[in-house]
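Work through the exercises below with the sequence and the model open. Try each task before reading its solution.

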Amino acid sequence: MKQTKTTELLVGIFIVAGVAALFVLAMKVSNLSSFSKTDGYTLTANFENIGGLKVRSPVTVGGVRVGRVSHIDYDSARYEAVVTLEMDSKYDQFPDDTSASIFTSGLLGEQYIALEPGGGEDLLTDGSEIEMTQSALVLEKLVGKFLFNKAAEGEE
Amino acid sequence: MLEWIRQLGRGGFDFFEKLGRSNLFILKTLAGIPSVLRRPYLLIAQLLSVGVLSLLLIAVSGLFVGMVLALQGYNTLVDFGAEESLGVVVALSIVRELGPVVTALLFAGRAGSALTAEIGLMKATEQLSGMEMMAVDPIHRVIAPRFLAGVLSMPLLAAIFSAVGIYGGYFVGVGLLGVDDGSFWSQMQSKVDLHEDVYNGVIKSLVFGVVVSWIAVFEGYDTVPTSEGVSRSTTRTVVYSAFAVLGLDFVLTALMFGDY
């Protein structure tokens, strides 16, 4: 009987350790943002060029993450990319003239959407579209423009 | 020449016969699981020998795998000035791949071979026939608890491997190589997804647990009841488990993470 008790204790410890390890993986290693997915609201924004933006890229206001990109599609009628933003329900006080821009964190970092609240009276609600957008900066375009300007300067 | 082709045919027949036997066997084992739940002490004794006694091996291996990953990952990432991403590299490769796969391989070597040898020796010494004479179904009494213990232990062991491995990476990355503590964890948390990565890793380890335990108990039950037969079955358990785990890992990875 004593033998079985030790056995039971050891097996119990094993199961607790295993579940604790799963818990660590869930809480410490992965983001639990997916839990709050249901009680958010969505916004859409059209961009000419989204650069390297990906699904699950962050949406920030003043550097604070307020949502994530949930879906990226292409609107073939307007020739623009349609980005759906999944916003945290905690942050739902954005005026309807809020603008969205795609920025890069660091020189080679990942791209994110930064919202800039405007001064309008009405608020953005679930499903509304952000009218004012600024596309991603494409490095090649920038370099091309710079070289073009240099060449133009040289001709003068 | 004709003889050779005939032998090939016989090999094919043997193969499919064995495959069929193993399928009938697993069905009988699954049917025996309710009777195990009525006698949980059988299961607990097996959880001890299959799970608890593998714990130290799994934890130590996980620690070293995590530490090596951090060292190697750092060497590459530092060239791009991206050593803060070390946490992501270590966590993703362990949670998605190395955790389930290495645990399954170690599990096959540590627990699977022991199961096969034990059951095979029981068959060779006619203990299984003895049970049948006493109207005790050896599948209910011997096989099902061992199979169930293997299936239950694998996900727990893989989770322990992953957690210990990530902390191993953390000790080397932050303690030894001087990666920033905060960005190690925060980058990891922003890139590792609970559903996409952690759950899929758990599903993988569960599948591997079923496959390795199945191979182990079947090889033991199906052994040629001699010393040589038991030794061959034990070897086959480890070899087949390794093949099955690595092959299935590719299939599962393609199914889970294949769409991007």
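Predicted model: local features only at pLDDT ≥ 70, side-chain atom pairs only at ≥ 80, totals over all residues.

**Exercise 1. State what share of chain A is buried, then describe its fold elements.**

Step 1. Of the 156 residues of chain A, 22% count as buried. Buried means that 20 or more other C-beta atoms lie within 10 Å of the residue's own; exposed means 12 or fewer, partly exposed is in between, and C-beta atoms are placed from the backbone.

Step 2. Residues are numbered from 1 along each chain as its sequence is written, and chains are lettered from A and ligands numbered from 1 in the order in which they are written.

Step 3. Count the elements. Chain A has two helices and eight strands. Helices (H or I, at least four residues) and strands (E, at least two) are DSSP runs, numbered from the N terminus. Their order from the N terminus is α-β-β-β-β-β-β-β-β-α.

Step 4. Check the contacts. Two residues are in contact if their C-beta atoms, placed from the backbone, lie within 7 Å. In chain A, among contacts between residues at least 6 apart in sequence, 64% join residues at least 24 apart.

**Exercise 2. Describe chain B by its elements, extent and burial.**

Step 1. Chain B has eight helices and zero strands. Along the sequence the pattern reads α-α-α-α-α-α-α-α.

Step 2. The C-alpha trace of chain B spans about 70 × 55 × 30 Å along its principal axes. Buried residues make up 45% of its 260 residues.

Step 3. Among contacts in chain B between residues at least 6 apart in sequence, 87% join residues at least 24 apart.

**Exercise 3. At what angle do H3(B) and H5(B) pack?**

Step 1. The angle is about 145°, and the axes are 7 Å apart. Axes are lines fitted to C-alpha atoms, for helices over the stretch in contact; angles run from 0 to 180 degrees between N-to-C directions.

Step 2. The crossing of H3(B) and H5(B) is right-handed.

**Exercise 4. Which residues of chains A and B make the contact, and which helix of chain B gives the most?**

Step 1. Chain B supplies 25 residues and chain A 19 residues.

Step 2. On the side of chain B that touches chain A, H2(B) gives the most, with eight residues.

**Exercise 5. Is A:Tyr79 buried or exposed?**

Step 1. A:Tyr79 sits in the loop between strand S3 (64-75) and strand S4 (80-87) of chain A.

Step 2. A:Tyr79 counts as exposed, because it has 9 C-beta neighbours inside 10 Å.

Step 3. Its phi is near 55°, a positive value in a residue other than glycine. Most residues other than glycine have a negative phi.

Terms used: Left-handed = near helix turned anticlockwise from the far one by under 90°.
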